[in-house]
Amino acid sequence: MEEKASRDRVLEAATRLFAERGYDGTSTREIGRASGLNIATVAYHVGPKADLYREVMRHAYELEREALDSAIRDMRAEPDPVLGVQVLVRRYLDFCLANPHVPALWMRRWLADAADVTGLEQEYAWPLIDLVREAIGIHDDMTLWTVMWSIHGFVQAGVLDADGKRHVHDLATVDRYRAHLDTLVAKWMAA
């Protein structure tokens, strides 16, 4: 039981640091410090840093897959296809707001972080895109990527008001962004 607790501490620390600083900007020694374990114990529990990164990304994928499976069930329960896709997009936004490390991990990766750790997109990103594309019944990957990038960017940076003040998670801004996504989806589905 203690071994699992130590492994969980390592994964939690690595997830937080990889999301904040990226894979390339985080050392195994820093992960050890953040988890309260020495570097040898970190290596014992998770192996090399690349294996730890793969484990962090696998866990993020599993969280995201679970959320999308649930959102797709709710989408299919909605008789109006436009409202159904809006439900899916809203639920994905809610997931990302509740789990900001997931979009942070992917955004860092897609900005060339961990370039030497290959195959993660094929293993984790594309299956989710395919899942959503098939559920909606479209073949347009670019619109899905656009919506996903928009949500990831919003969760990480928020929006700027006219005075240049950044708003991220205040309720009014989230509601305004959610309404924007609803409009975007309605236009997309009407095209």
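Modeller: The account below takes the salt bridges in turn.

This is a predicted model, in which local features need pLDDT of at least 70 and side-chain atom pairs count only at pLDDT 80 or more, while totals for chains, interfaces and linings use all residues. Residues are numbered from 1 along each chain as its sequence is written, and side-chain values use heavy atoms, with hydrogens and water left out.

The structure holds ten salt bridges, a salt bridge being a side-chain nitrogen of Lys or Arg within 4 Å of a carboxyl oxygen of Asp or Glu. Side chains of opposite charge can pair when their charged atoms come close.

One of the pairs joins Arg 58 to Glu 55, with the closest N and O atoms 2.4 Å apart. Because Arg 58 and Glu 55 are three residues apart in helix 4 (residues 49-77), about one helical turn separates them; helices are DSSP runs of H or I, at least four residues long, numbered from the N terminus. Glu 55 is buried, at 18% relative accessible area, whereas Arg 58 is partly exposed, at 26%. Here buried means under 20% relative accessible area, exposed over 50%, and partly exposed in between (1.4 Å probe, protein chains only). Both residues also belong to a network of salt bridges that links Arg 7, Glu 55, Arg 58 and Glu 62.

Another salt bridge is formed by Arg 90 and Asp 182, at 2.6 Å from N to O. Arg 90 lies in helix 5 (residues 81-98) and Asp 182 in helix 9 (residues 171-190), so this pair ties together parts that are 92 residues apart in sequence. Asp 182 is buried, at 15%, and Arg 90 is partly exposed, at 30%.

Terms used: Helix = DSSP H or I, 4+ residues; strand = E, 2+ residues; numbered from the N terminus.
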